[in-house]
Amino acid sequence: VPQQEAWVVERMGKFHRILEPGLNFLIPLLDRIRYVQSLKEIVINVPEQSAVTLDNVTLQIDGVLYLRVMDPYKASYGVEDPEYAVTQLAQTTMRSELGKLSLDRLFRERESLNANIVDAINQASDCWGIRCLRYEIKDIHVPPRVKESMQMQVEAEQRKRATVLESEGTRESAINVAEGQKQAQILASEAEKAEQINKAAGEANAMLVRAKAKAEAIQLLAAALAQQHGSAAASLSVAEQYVNAFSKLAKDSNTVLLPANTGDITHMVAQALGIYTTLTKTQAVKTQDEIPPAHGDPQPPSTEVLKAEQATSS
């Protein structure tokens, strides 16, 4: 007996034994080889057949069946034609399983469909001594109109995805532009803030410098007035400023208010010096009042002080 074969022997028309691979001895005229079963894996093409899905779409589908004889006795005496029986069982099982699925699920769940067909075949063929190893769907033929509608559906889905991706890209672009404008405005405001701070600091420093220069000028002017002939110099400066101011009259406006003695320069200079003298004496009196007296008896104010106060109040 060759390897991977099983020979079924009958004696006097009745099952006697199964010959194993190798050398075996039989009794002539009594023993007869009735069946020869191959123990190799057998490949069977399942013919194309029509099936209706759950959503009433008619398909043309075929497949490939892989099986093996596990029990030569059952395969010989359990069914007349094991291969034909398994092929018919595969076709009927495939039609029943396809009726449970819609067209869309059929393409997504081909592996589960194959596994269900194998389980159904094994349950029915267990008494035949045959075991189905796997089942594979070869081709699925869809009607032309259904194929066109599926193609349109795929194209619509692709257009939808392209539109969604384009809208997402537009949104991301708008967000990036807005974020850039926001950062630009923040940087511009910070730059303007720094500019204003620097400008304010510069103006403050300029004011301090001008104030210090003015204070030094006032100190120099006070020192010059305290020297000999300082009053004459002050009178000359006031007279020059008066003449300069008088020369600029009626340049900016036609309405001019003038005192009655505008042409008397001597009187105007004397009036200005009198105001300066009065303010100087008043400041000296205030300084003396702040200093406490050396003796306990208070001293009456002098006549010059009273005149200066009267001039200040007037």
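Okay, some ground rules. Because the model is predicted, local features need pLDDT of at least 70 and side-chain atom pairs count only at pLDDT 80 or more, while totals for chains, interfaces and linings use all residues. Residues are numbered from 1 along each chain as its sequence is written, and side-chain values use heavy atoms, with hydrogens and water left out.

So, the layout. We have eight helices and six strands; these are DSSP runs, numbered from the N terminus, with helices being H or I of at least four residues and strands E of at least two. Along the sequence the pattern reads β-β-β-β-β-α-α-α-α-β-α-α-α-α. The chain has 314 residues, and 21% of them count as buried. Buried is under 20% relative accessible area, exposed is over 50%, and partly exposed is in between, using a 1.4 Å probe and protein chains only. Now contacts, meaning heavy atoms within 4.5 Å: among those between residues at least 6 apart in sequence, 63% join residues at least 24 apart.

On to the inside. A nonpolar core here is a set of buried Ala, Val, Leu, Ile, Met, Phe, Trp, Tyr and Cys residues joined through side-chain atoms within 4.5 Å. The largest one has 30 residues, and L65, I121 and Y135 have the most contacts inside it. Two or more residues each come from β4 (41-52), β5 (58-69), α2 (82-98), α3 (103-108), α4 (110-125) and β6 (130-141). Which element gives the most? That's α2, with six residues. If you click on I121 and skip its neighbours within four places in sequence, you'll find it in contact with L65, V86, L89, A90, T93 and C132.

Let's stay with α2. Buried residues in α2 include V86, L89, A90, T93 and E97. What do the buried residues of α2 pack against? They meet β4, β5, α1 (72-77), α3, α4 and β6.

E97 deserves a look of its own. This glutamate counts as buried, at 11% relative accessibility, and touches L113, N116 and I117, not counting residues up to four places away. E97 also makes a salt bridge with K100, with the closest N and O atoms 3.7 Å apart. By salt bridge I mean a side-chain nitrogen of Lys or Arg within 4 Å of a carboxyl oxygen of Asp or Glu. Is K100 buried or exposed? Exposed, at 52%.

By that rule there are eight salt bridges. Another one pairs R34 with E10, at 3.9 Å. R34 is in strand β3 and E10 in strand β1, so this pair ties together parts 24 residues apart in sequence. R34 is partly exposed at 38%, whereas E10 is buried at 8%. Then there's E109 with R105, at 3.2 Å, N to O. And salt bridges with shared partners join E10, R32 and R34 into one network.

Last stop, the loops. M12 sits between β1 (5-11) and β2 (14-19) and is exposed, at 66%. E20 is in the loop between β2 and β3 (31-38), and is exposed too, at 52%.
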